[in-house]
Amino acid sequence: MRMRKEIPLVNLVLKNAKFWNGNSFEPRGEIRLDAQNGFVAGSNKFETKEIDCKGALVMPALFGLGLDFMEPLRDDVYTFADGFDAMHRGGFYGGLYESAANPIDDADTLSAMNHRLDSQASNRFDIKFLGAFSKGFGSDSLAEMVELADGEDSERGGVVGFGDGNAAIPHSRFLRLAMEYGKMTGKRFFFQPMDKTLRKSGCVHEGAYSDMLGMKGIPRIAETIAAYTVLETARFLNVPVHFKQVTCGETLELVRNARKQGMDVTCDVNLYHLLLDDSCLELLDSAYHMLPPIRSAEDRDALWAGIVDGTVDAVSVNHTPVLRQDTEVNFEDSVPGALSLEIALPAIWKELSARVGEARAVDLLSTAPAKLVGASVAFDESANKVANLVVLDPNKPHKVVEADFAGHVCNSPLLGKELPSSIVGSYISGVWTEG
């Protein structure tokens, strides 16, 4: 792994940049940032670093939905330190954390996770936790949702909502019980809609390519039936919900209709579901093994339409590390998941901004996901506080190599591919990391 050059607590001077002023990018000859006080004249307390941006874009750092750093149960795969390194590399100042391997289902677990974060100097990042609504992401007993929401023993406060660990939707009675109990907290429920029996052992989209290759498919109705069940339960109990990683237009239509009826429902779309379609299965490369699966070109077009018309609230990253030995096997035997933090912005920016404009693109990647979970904004030029930003050269291609990724894993379908843009560097809580 190639280590990135990191300069902690440095006053930064960015020259010849296009700066995001809240509405558009405007040329600026110089932008001065103080490591502790944001957009003010640099002091002499820390070293001053000058960067010639050569016309690159200086924009708010990103907020990631779907972070899983595996530690402590699977720290042989990945650690918090690896995850924070990845966030620096990719220009993320915060994120919503939910680990499938480490459910936060009681107050002691939340306290332990907060302590683990604090020990990793994570005060640099605005990390929010999703609590589990069931013990161990199962469907046998409810988690301590009221205690998790209160977070009385944590300086960070309680969880911002309750999630499913990306497991299949539980049976309807348990779903109702969970929502009834969780309603007392006023928190949002986060679901990756997937019907367990319809998914069964499927690993790819059920369609022409799965039929051609003889692979077990997951039909769209595995998502839509689960989403409908969640929406009907949430409507009955008046509980706010969020759908993670929506993959097809039918689910987006359910969201649209629910909103017309006054429901509080939000949703996100995964970066890779916007960039890929199931024709990639022809390569039989396990790097494309993700859950929920990459769907058809028609589904991808429907997701982009949902981005354009505002149905989709945010673009998620769903950063899921997988060991090399768990990917270098037959597709159907591989462990699903993909890294994304380090390459998300240069991979998606050009097409996203072309389709919806720069302002909406910044909102989808930074402001909207942060607002969804009550996190702070990346920066406010009018306020004297730490500024978090990322510098992107939108016209400099970058070929993705293993050294781009933190830790000792590199599971990404974009490995070896050329991205249309490059990250010059990020400035997170006074720490400058070169791209």
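Student: Which residue in β9 does L130 stand opposite?
Tutor: This is a predicted model. Strand β8 covers residues 126-132 and β9 covers residues 161-163. The two run parallel and are joined by three bridges. In β9, the residue opposite L130 is G161.

Student: In what order do the eight strands of the open sheet lie?
Tutor: Pairing in this sheet is parallel. Neighbouring strands are turned by 30 degrees against each other on average, direction ignored. The order is β6-β7-β8-β9-β10-β13-β14-β15.

Student: Which strands stand at the edges of that sheet?
Tutor: An edge strand here has a single partner strand, so one side of it is left without a neighbour in the sheet.

Student: At what angle to β7 does helix α1 run?
Tutor: Helix α1 takes in residues 80-90. It lies across β6, β7 and β8. Its angle to β7 is about 135 degrees.

Student: Where is P72 found, and which residue does a cis peptide bond join to it?
Tutor: P72 is in the loop between β6 and α1. The cis bond there has an omega of about 10 degrees. The residue joined to P72 is E71.

Student: What is omega for the cis peptide bond between L291 and P292?
Tutor: P292 sits in the loop between α9 and α10. A cis bond links L291 to P292. Its omega is about 0 degrees.

Student: Are α8 and α10 roughly parallel or roughly antiparallel to each other?
Tutor: Helix α8 spans residues 249-260. It packs on α10 at an angle of about 30 degrees, with axes 8 Å apart. Angles under 35 degrees count as roughly parallel. Therefore α8 and α10 are roughly parallel.

Student: Which residues of α10 make the contact with α8?
Tutor: From α8 come G249, E250, L252 and R256. By class, the contact residues divide into three nonpolar, two polar and four charged. The α10 side is D299, A302, L303, G306 and D309.

Student: Why is α10 called oblique to α11?
Tutor: Helix α10 covers residues 297-309 and helix α11 covers residues 344-356. Their axes are 10 Å apart, and the helices pack at about 60 degrees. That angle makes α10 oblique to α11.

Student: How many nonpolar residues does the contact of α10 with α11 have?
Tutor: W304, I307 and V308 of α10 meet I348, E351, L352, R355 and V356 of α11. The contact has no polar residues and two charged ones. The nonpolar count is six.

Student: Is the crossing of α10 and α11 left-handed or right-handed?
Tutor: The two helices pack with axes 10 Å apart. Their crossing is right-handed.

Student: Which residue of β20 stands opposite Y427?
Tutor: Strands β19 and β20 run antiparallel and are joined by four bridges. In β20, G425 has E434 as its bridge partner. Y427 stands opposite W432.

Student: Which residue takes a positive phi in the hairpin of β19 and β20?
Tutor: The hairpin has two residues between its strands. One of its residues has a positive phi near 50 degrees. That residue is S429.

Student: How many residues of β19 are buried?
Tutor: Strand β19 also pairs with β16, in the antiparallel sense and over five bridges. There, L389 stands opposite Y427. β19 is mostly covered, and of its seven residues the number buried is six.

Student: Is N318 buried or exposed?
Tutor: N318 is in the loop between β15 and α11. Its phi is positive, about 50 degrees, although it is not a glycine. Its relative accessible area is 11%, and the cut-off for buried is under 20%. So N318 is buried.

Student: What is the relative accessibility of N166?
Tutor: N166 is found in the loop between β9 and α4. Its phi is also positive, near 60 degrees. N166 counts as partly exposed, with a relative accessibility of 35%.

Student: How far apart in space are A208 and S296, C-alpha to C-alpha?
Tutor: A208 lies in helix α6. It is exposed, with a relative accessible area of 61%. A208 and S296 are 88 residues apart in sequence. In space, their C-alpha distance is 8.9 Å.

Methods:
Residues numbered from 1 in each chain as written. Predicted model: local features only at pLDDT ≥ 70, side-chain atom pairs only at ≥ 80, totals over all residues. Heavy atoms only, no water. Pairing = 2+ DSSP bridges. Axes fitted to C-alpha atoms, helices over the stretch in contact; angles between N-to-C directions. Contact = heavy atoms within 4.5 Å. Parallel < 35°, antiparallel > 145°, perpendicular 65-115°, else oblique. Left-handed = near helix turned anticlockwise from the far one by under 90°. Nonpolar A, V, L, I, M, F, W, Y, C, P; charged D, E, K, R; others polar. Buried < 20%, exposed > 50% of the residue type's maximum accessible area, 1.4 Å probe, protein only.
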